[in-house]
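Please open the model in a viewer and keep the selection tool at hand.

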Amino acid sequence: MTNTGTRTHCFTTCSSPADGTGAAQHRRGPGPGTTGRAGREPSGTEGSEGRQRGKAAQGRARSPSWVVPPSTRPATARSAQHLRRGAQNGTRRGAAPSRQAPRTHLPPPPARHPPAVGRWLLVCSGAVAGAVVLGGVTRLTESGLSMVDWHLVKEMKPPRTQQEWEAEFQKYQQFPEFKILNHDMTLAEFKFIWYMEYSHRMWGRVVGLAYILPAAYFWRRGWLSRPLKGRVLALCGLVCFQGLLGWYMVKSGLEEKPDSYDIPRVSQYRLAAHLGSALVLYSASLWTGLSLLLPRHKLPETHQLLRLRQYAHGTTALIFLTALSGAFVAGLDAGLVYNSFPKMGERWIPDDLLAFSPVLRNIFENPTTVQFDHRILGIASFTAVTALYLFSRKIPLPRRTRMAVTSLLAVACMQVGLGISTLLLYVPTPLAATHQSGSLALLSMALWLMSELRRVPK
Ligand code: HEM
């Protein structure tokens, strides 16, 4: 491995549990391949790293590869020492001086869990993302109030005969949505909205099983460390809570409100809680999965890097808050009050911004204020991502980290574009659903970047 002066080269050769070959080698321990590779390295440092890795692997030859005895840790410490030395020297012998950060490839961190655990969590986060998208489409097609009761097992069997369908339709006819909004609905139309809601609920059950069954299996096999057990338990608890919150939200749309002239819809507070808890579940699963699979980069802990890490955390929090405020826009149909951009109607600050009393109520209940806040938060998130990108350009970073920053900026541009188009076109279902999915994509990029910038424990 040579220092070519290009920024990325020395970061990318990092053999890691995430990279297939590195992981396989790490798992197999010292085989002919390992020794051969170390022997072929042109640099003594790479060779010694290979030998260290070989020794560490020999030490754990009899135990499953992910159960690493603490005695292998000094190898990491020694490599860290070597890296510090590299950092002091700045460049390798014979190479031209460059702004490049010192080489960052540590030997693979002692993995305590088989990679299957990390992959499982990534699959789970994907399943949660699917549920969020399906939930958004269910809401946008106004299908969410078609199933008027909730049974964990009984409702899994859909109506089959004409009689069963008519009985289901009659139940729906007792509730405000039919009476006020859909009184001329046909059975065929009812079947469509019913199946939309049914698919969202069934997908929710699949997500629950995707968490609980593998968790039980990994637990029994002893593949989870103590801290991970706690986290997995919390995730399984959260997935059950998510189902209960869903029903709690639906119930708010089924209640009769004699004083209200508004169309029946679920409470925006409960919608935000349902979406918010899905986002927490998604983020926690993705974060844990990435932390288990992606090795950390050993980056020099400069002042600039610390600031970049702080910016990344702040930006992720801002994106999360923006997504949550989007749930209030969706819950109040606030995307339909001012359909112009950048001004709201003829003004930058609309007249009815503080029309409700007390003032605080406007933030969560006045559609104008809710839309205004979401615009401001959306633009603030975009500005924060752009600033993060520009700041990151000043710091030498590994290639994968740079990819994460660039992807974050690209997705932020797309998300703001989608938000503005959704607004200008009066919230068409496909666009609004894509905008909602975009928020998950943006959050994922931000979490990926945070995971790239994780500190190496001392
Ligand atoms: C980082 C930027 C943004 C994020 C993360 C974000 C996120 C979200 C989310 C999660 C929703 C809820 C969707 C649902 O539950 O169906 C939403 C709704 C909405 N957003 Fe954004 N948004 C962003 C920027 C913007 C911008 C800049 C605008 C326009 C100026 C905008 C306009 C809307 C509109 C009109 C809705 C309501 C759509 C509906 O009724 O389904 N968003 N946003």
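Begin by selecting Tyr426, which is found in the loop between H15 and H16. Helices here are DSSP runs (H or I, at least four residues), as strands are runs of E of at least two residues, and both are numbered from the N terminus. Tyr426 is not a glycine, yet its phi is positive, at about 60°. Most residues other than glycine have a negative phi, and most peptide bonds are trans.

Before moving on, note that this is a predicted model, in which local features need pLDDT of at least 70 and side-chain atom pairs count only at pLDDT 80 or more, while totals for chains, interfaces and linings use all residues. Residues are numbered from 1 along each chain as its sequence is written, and side-chain values use heavy atoms, with hydrogens and water left out.

**Two cis peptide bonds**

Select Phe341 and Pro342 next. A cis peptide bond joins these residues, with omega about 5°. Pro342 is found in the loop between H12 and helix H13 (361-365). Then select Ser357 and Pro358, where the peptide bond is again cis and omega is near -5°. Pro358 also lies in the loop between H12 and H13.

**The ligand and its shell**

Now centre the view on the ligand.

- His374: an N or O atom of its side chain is 2.9 Å from a nitrogen atom of the ligand.
- His435: an N or O atom of its side chain is 2.8 Å from a nitrogen atom of the ligand.
- Gln436: an N or O atom of its side chain is 3.1 Å from an oxygen atom of the ligand.

**H14 against H15**

Select H14 and H15 together. Their axes (lines fitted to C-alpha atoms over the stretch in contact, with angles from 0 to 180 degrees between N-to-C directions) come within 10 Å and cross at roughly 155°. The two helices are therefore roughly antiparallel to each other, a term for angles over 145 degrees. The crossing of H14 and H15 is left-handed, that is, the near helix is turned anticlockwise from the far one by less than a right angle; clockwise is right-handed. In contact (heavy atoms within 4.5 Å), residues of H14 including Gln371, Arg375 and Phe382 meet residues of H15 including Arg402, Leu409 and Val416. The residues of this contact divide into 11 nonpolar, five polar and two charged.

**H6 against H16**

Move to H6 and H16, whose axes come within 9 Å and cross at roughly 150°. This pair is therefore also roughly antiparallel, and the crossing is right-handed. Among the residues that meet are Val132, Gly136 and Leu140 in H6, and Ala433, Gln436 and Leu440 in H16. This contact has eight nonpolar, four polar and no charged residues.

**H11 against H12**

Finally, select helix H11 (residues 268-293) and helix H12 (residues 303-331), whose axes come within 8 Å and cross at roughly 150°. H11 passes H12 in a right-handed crossing. The residues of their contact divide into 12 nonpolar, four polar and no charged.

Technical notes. Ala, Val, Leu, Ile, Met, Phe, Trp, Tyr, Cys and Pro count as nonpolar, Asp, Glu, Lys and Arg as charged, and the others, Gly among them, as polar. A polar contact is a pair of N or O atoms within 3.5 Å; within protein, one must be able to donate a hydrogen and the other to accept it, and residues adjacent in sequence count only if both atoms are side-chain atoms. Angles under 35 degrees count as roughly parallel, over 145 as roughly antiparallel, 65 to 115 as roughly perpendicular and the rest as oblique.
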